[in-house]
Amino acid sequence: MVGKYKVITLCGSTRFKDDFMRMQKALTLQGNIVISVGCFGHSGDKITNEQKIMLDDMHKRKIDMADEIYVINHGGYIGESTRSEIDYARKHGKIVHFMQQC
């Protein structure tokens, strides 16, 4: 297991904080380097509109660093921001995995 590790960026609505935490742990213990969100705006963290724009852009840079993305789509939910991240990842040749099949 020691050696080259895949880098996976988690994407999805920040309202699913528990799923983010659970999948970050599971994917890490499977031998991956996991990049996640920095705060959970839909789960109580207060952010300004300016910060939201910055965080959305920053998340695209996190996708750039990854080999693949893992979409937290609890109940099949994929919002506009997450859809744009999926499109961005695919455009840049990243593998896309989903927590729940669409």
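**Exercise 1. Find which residues make up the largest nonpolar core, and see which elements supply them.**

Solution. Start with the members: the largest nonpolar core holds 12 residues in all, namely Ile8, Leu10, Phe16, Phe20, Met23, Leu27, Val34, Val37, Phe40, Tyr70, Ile72 and Met99. Next, look at the elements: at least two residues of this core come from each of β1 (7-12), α1 (17-29) and β3 (68-72). With three residues, α1 gives the most. Finally, note that Ile63, Ile86, Tyr88 and Val96 are among the 10 residues of a second, separate core.

The terms: a nonpolar core is a set of buried Ala, Val, Leu, Ile, Met, Phe, Trp, Tyr and Cys residues joined through side-chain atoms within 4.5 Å. Buried means under 20% relative accessible area, exposed over 50%, and partly exposed in between (1.4 Å probe, protein chains only). Helices (H or I, at least four residues) and strands (E, at least two) are DSSP runs, numbered from the N terminus.

A word on the source: this is a predicted model, where local features need pLDDT of at least 70, side-chain atom pairs count only at pLDDT 80 or more, and totals for chains, interfaces and linings use all residues. Residues are numbered from 1 along each chain as its sequence is written, and side-chain values use heavy atoms, with hydrogens and water left out.

**Exercise 2. Work out the order of the strands in the open sheet.**

Solution. Take the order: the four strands run β2-β1-β3-β4, with parallel pairing (two strands pair if DSSP finds at least two bridges between them). Then check the edges: β2 (33-35) and β4 (95-98) each have a single partner strand, so one side of each lacks a neighbour in the sheet. Now zoom in on one pair: β3 and β4 run parallel and are joined by four bridges. For instance, Val71 has Phe98 in β4 as its bridge partner.

**Exercise 3. Describe where Gly38 lies.**

Solution. Locate the loop: Gly38 sits between β2 and α2 (49-65). Then read its accessibility: at 68% relative accessible area, Gly38 is exposed.
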